[in-house]
Amino acid sequence: MEDEVDRLVAAWRRERPDLDVEPLEVLSRVSRLARHLDRARRIAFAEHGLEPWEFDVLTALRRAGAPYQLSPGQLLTQTLVTSGTMTNRIDRLAKSGLVERLPDPSDRRGVLVRLTAEGRRRADGTLAGLLAQERAILAELSTAQRGELAGLLRQLTAPFDNTPI
């Protein structure tokens, strides 16, 4: 089965036979897949009335386990945004009733951000919708193929994920 990347690679091999375009066979597919995944995620988020950034913050809190709270610094680490951006996001989520700010009992000057019941409901519903979208994207692969692909992608991404920014 031929795809758009096969056509792109063939054209470059014809036009630039002096270059090794083999990396395009993998990374152009990853790039195209990322665009399809982004589209599927935006659909899942929109169905539950969330923006991608809202999902990121809510699910970081949800993954923390009961009582579903983190410090703003912990949220920064998990979502890779600046302090000012995180403050703005927390403000907006609090105004929407999805999170609440609480005093940090271990630091009188600090605060904790806690998921509200509505925030938890939205995070859980959105995650279920997202997983359905992602299962559809992976439907052409067997369980073994998905495992193999996950391992190969981990091998490529781990050096980036384990290098301080």
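The model is predicted, so to speak of local features we need pLDDT of at least 70, side-chain atom pairs count only at pLDDT 80 or more, and totals for chains, interfaces and linings use all residues. Residues are numbered from 1 along each chain as its sequence is written, and side-chain values use heavy atoms, with hydrogens and water left out.

**The largest pocket**
- A pocket here is an open set of points on a 1 Å grid over the protein atoms alone, where a 1.4 Å probe fits, with protein on both sides within 12 Å along at least five of seven lines; lining residues have an atom within 4 Å of a point.
- The largest one has a volume of about 1,000 Å³, counted as the space filled by probe spheres set on the points.
- Its lining has 28 residues, and Arg29, Val30, Leu33, Leu138 and Leu149 sit closest to the centre.
- Helix 2 (22-47) gives the largest share of that lining, ten residues, while helix 1 (4-15), helix 6 (117-138) and helix 7 each supply at least two; helices are DSSP runs (H or I, at least four residues) numbered from the N terminus.
- By class, the lining has 17 nonpolar, two polar and nine charged residues, with Asp, Glu, Lys and Arg counting as charged.

**The second largest pocket**
- This one has a volume of about 170 Å³, and Arg41 and Gln78 line it.

**Helix 7**
- Helix 7 covers residues 143-161 and reaches 25 Å from its first C-alpha to its last, close to the 27 Å expected.
- Helix 7 bends by about 35 degrees at Gln155, an angle between axes fitted to the seven residues ending there and the seven starting there.

Conventions: Expected span 1.5 Å × (residues − 1).
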